[in-house]
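Q: Could you walk me through this one, starting with the term I will need for how helices cross?

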Amino acid sequence: MSEFQYPLFGCFEDCYLCLYAYCCSCFAVGEIAESVGDDKWLCCLLHICLTHLCGIWGYAGQRAILRQKLREQKGYEGSLAEDFALSCFCAWCSLTQELREIRDDPGLLRMERQ
């Protein structure tokens with residue numbers, strides 16, 4: 001087992017992705033969802049609905065599940081509770097970290113396009 005290739009608080013190392021995660025989080029969530037085999041647009045819509053209807057709890061719940069799927073796919077250590085806490089308290093840093101992981105992994109990008 002290993003850890004994420006990019007540090008959690010390294011989000012400002014890629015300012016474009018950091019802004020993308022902050023300003024267009026539903027599209028960023030959709031991109032991550034697609035890389036783990038989920039429907040991009042359904043997850044994007046679900047992200048919007050959960051965020052508006054349930055606030056941070058809905059947002060963090062969906063994000064934690066996607067982060068767990070990404071971790072399992074890449075063989076990274078962690079737990080769902082840790083993923084939920086990161087999604088609550090470090091939302092954009094964790095989202096940026098995941099985006100950097102999937103964009104730098106050619107295997108995940110190939111899966112995304114199929």
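A: A crossing is left-handed if the near helix is turned anticlockwise from the far one by less than a right angle, and right-handed if it is turned clockwise.

Q: Before using that, what kind of model is this?
A: It is a predicted model, in which local features need pLDDT of at least 70 and side-chain atom pairs count only at pLDDT 80 or more, while totals for chains, interfaces and linings use all residues. Residues are numbered from 1 along each chain as its sequence is written, and side-chain values use heavy atoms, with hydrogens and water left out.

Q: OK, so which way do H4 and H5 cross, left-handed or right-handed?
A: The crossing of H4 with H5 is right-handed; helices here are DSSP runs of H or I with at least four residues, numbered from the N terminus. H4 covers residues 56-74, and H5 covers residues 80-89.

Q: At what angle do H4 and H5 pack?
A: They pack at about 130°, and their axes are 8 Å apart, where axes are lines fitted to C-alpha atoms, for helices over the stretch in contact, and angles run from 0 to 180 degrees between N-to-C directions. H4 and H5 are therefore oblique to each other, given that angles under 35 degrees count as roughly parallel, over 145 as roughly antiparallel, 65 to 115 as roughly perpendicular and the rest as oblique.

Q: Which residues of H4 and H5 meet?
A: Contact means heavy atoms within 4.5 Å, and the H4 residues that meet H5 include Trp 57, Ala 64 and Arg 71, while Leu 80, Asp 83 and Phe 84 are among those on the H5 side. By class, this contact of H4 with H5 holds 10 nonpolar, three polar and four charged residues (Ala, Val, Leu, Ile, Met, Phe, Trp, Tyr, Cys and Pro count as nonpolar, Asp, Glu, Lys and Arg as charged, and the others, Gly among them, as polar).

Q: Is Trp 57 buried or exposed?
A: Trp 57 has 57% relative accessibility and so counts as exposed (buried means under 20% relative accessible area, exposed over 50%, and partly exposed in between, with a 1.4 Å probe and protein chains only). Leaving aside neighbours within four places in sequence, Trp 57 is in contact with Phe 84 and Cys 88, and Trp 57 and Cys 88, although 31 residues apart in sequence, are 7.5 Å apart in space, C-alpha to C-alpha.

Q: And Arg 71, buried or exposed?
A: Arg 71 counts as buried, because its relative accessibility is 4%. A polar atom of the Arg 71 side chain lies 3.3 Å from the backbone oxygen of Gly 78. Not counting residues up to four places away in sequence, the residues Arg 71 touches include Phe 4, Tyr 76 and Asp 83.

Q: Which residues are buried in H5?
A: In H5 the buried residues are Asp 83, Leu 86, Ser 87 and Cys 88, and the buried residues of H5 pack against H4 and helix H6 (91-103).

Q: Changing topic, how many residues of H2 are buried?
A: Nine of the 11 residues of H2 are buried, so H2 is largely enclosed by the rest of the structure; among them are Ser 25, Val 29 and Glu 31.

Q: How do H1 and H2 cross?
A: The axes of H1 (residues 15-23) and H2 come within 5 Å and cross at roughly 105°, which means that H1 is roughly perpendicular to H2. The residues of that contact divide into six nonpolar, one polar and one charged.

Q: What about H2 and H3, at what angle do they pack?
A: H2 and H3 pack at about 140° with their axes 8 Å apart, so H2 is oblique to H3. H2 passes H3 in a right-handed crossing, and the contact has eight nonpolar, three polar and three charged residues.

Q: Where is Gly 37?
A: Gly 37 sits in the loop between H2 (25-35) and H3 (40-54), and its phi is positive, near 95°. Gly 37 is exposed, with a relative accessible area of 51%.

Q: Last one: what does Gln 62 touch?
A: Gln 62 lies in H4 and is buried, with a relative accessible area of 7%. Not counting residues up to four places away in sequence, Gln 62 touches Val 29, Cys 43, Leu 46, His 47 and Leu 50.

Terms used:
Helix = DSSP H or I, 4+ residues; strand = E, 2+ residues; numbered from the N terminus. Polar contact = N/O pair within 3.5 Å; in protein donor to acceptor, adjacent residues only side chain to side chain.
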